[in-house]
Amino acid sequence: MALPSQSEEQIQDREFLRDVLEGLGRRQKALPCKYLYDETGSRLFERICELDDYYLTRAEADIFSKYLTDMARRIGPAALIVEPGAGNCKKVQQLLRQLDSPTGYYPIDISPEILMAAQGRMAAQLPGLTIRAAVGDFSDPEAWTGLMDFPACKKVVFFPGSTIGNFSPQHAEDLLAFFKSMLQPGDGLLIGTDLVKDAVVLERAYADSEHVTAAFNKNILVRINNELNADFDLALFAHRAFYHPLRQRVEMHLVSLKTHSVHIAGTRVYFEEGETIHTENSHKYSVAGFNCLLGKTGFTPVCHWSDIQRRYAVHYAQVN
Ligand code: AVJ
């Protein structure tokens, strides 16, 4: 490899640069989807959740409001709720309110700004609840060490929003096995998954008519321009989302509209017309398929709740 150019020396986030150059150096160019979620990206994602086309959020919210008492009963009294990737901590609030004397709430998120703002709001809205927030990567055991400050009790990992869908089947298995390794027998997992369905419905959810998802996808290029001294021309890339039935996932890409090159911190990257950057996957599950995944990772599926249209499912599982 060549010596780093001067502009490369000025880059703050070396890991981001390394990941970007590595991903764009592949035959199928790709960027890690975690880079979609900076502050702007997280805001855009919140707007996606309000779109009619993005049915996932409403389907899940309907399931939660309809079956909340049932869920709280399954979880039982004095539980400690752990939420990896909690973000604004909105979804957990009605659950915490419904639970019988919860021991506490432990949100984990990489964004300190979003987490701290949420912690303040939560403390005001749920007085008496012990909240301890952890800033960090939820797949890193380090982020879970703060759990030791709570008294011994039943723990339930709350993982809503179909976040598990961002992971490949192998990585989803690794992540659930990791959650399990942080828990004890009898502890729980309350997790939301989007279900396999008609491709048209799925594709509309990821290529919405208001183009918010397009802006969300392109924001990764804005970020690279701003943080890595790059010159992506946003007008030369189009948002594309399609369902891959064999892989059971919606893939999100950025398509180069013409042959051109881009500079990133002094490195030139070539794009052919029609070539794509793969930016995100959203895996879809059948209930049976997800139960199989749970079983493989040391959980016993207890039950699941779905909406009438069976678009989405919330599963409750217990550590063996
Ligand atoms: C946050 C991963 C659940 O895959 O549905 C939404 C992200 N990307 N629209 C999803 C997303 C484009 C979302 N998850």
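Within strand S11, Thr-276 is the bridge partner of Val-255. The model described here is predicted, so to speak plainly about its limits: local features need pLDDT of at least 70, side-chain atom pairs count only at pLDDT 80 or more, and totals for chains, interfaces and linings use all residues. Residues are numbered from 1 along each chain as its sequence is written, and side-chain values use heavy atoms, with hydrogens and water left out.

Strand S8 (residues 249-256) runs antiparallel to S11, and seven bridges join the two. Strand S1 (residues 29-30) pairs with S11 in the parallel sense over two bridges, and here Lys-29 has Ile-277 as its bridge partner in S11. Strands (E, at least two residues) and helices (H or I, at least four) are DSSP runs numbered from the N terminus, and two strands pair if DSSP finds at least two bridges between them. Eight of the eight residues of S11 (residues 276-283) are buried, so the strand is largely enclosed by the rest of the structure. Buried means under 20% relative accessible area, exposed over 50%, and partly exposed in between (1.4 Å probe, protein chains only).

The chain is assigned a domain 1 (8-51 + 200-283) and a domain 2 (55-197 + 284-319), with bounds that come from an automatic or database domain assignment. Taken over C-alpha atoms, the domain centres are separated by 28 Å. To the contact (heavy atoms within 4.5 Å), domain 1 gives 18 residues and domain 2 gives 16 residues. The two domains bury about 1500 Å² between them, 52% of it on carbon and sulfur atoms; this is the accessible area (1.4 Å probe) that two parts lose on being put together, summed over both. Cys-49, Leu-202 and His-283 supply 39% of the area that domain 1 buries against domain 2, more than any other three residues. Seven residue pairs, both members at pLDDT 80 or more, are in polar contact across this interface. A polar contact is a pair of N or O atoms within 3.5 Å; within protein, one must be able to donate a hydrogen and the other to accept it, and residues adjacent in sequence count only if both atoms are side-chain atoms. On the domain 1 side, helix H3 (39-49), helix H8 (199-206), S8 and S11 each supply at least two residues that touch domain 2.

Thr-103 lies in the loop between helix H5 (91-98) and strand S3 (104-109). Thr-103 is buried, with a relative accessible area of 19%, and its side chain reaches the backbone oxygen of Ala-78 at 2.6 Å.
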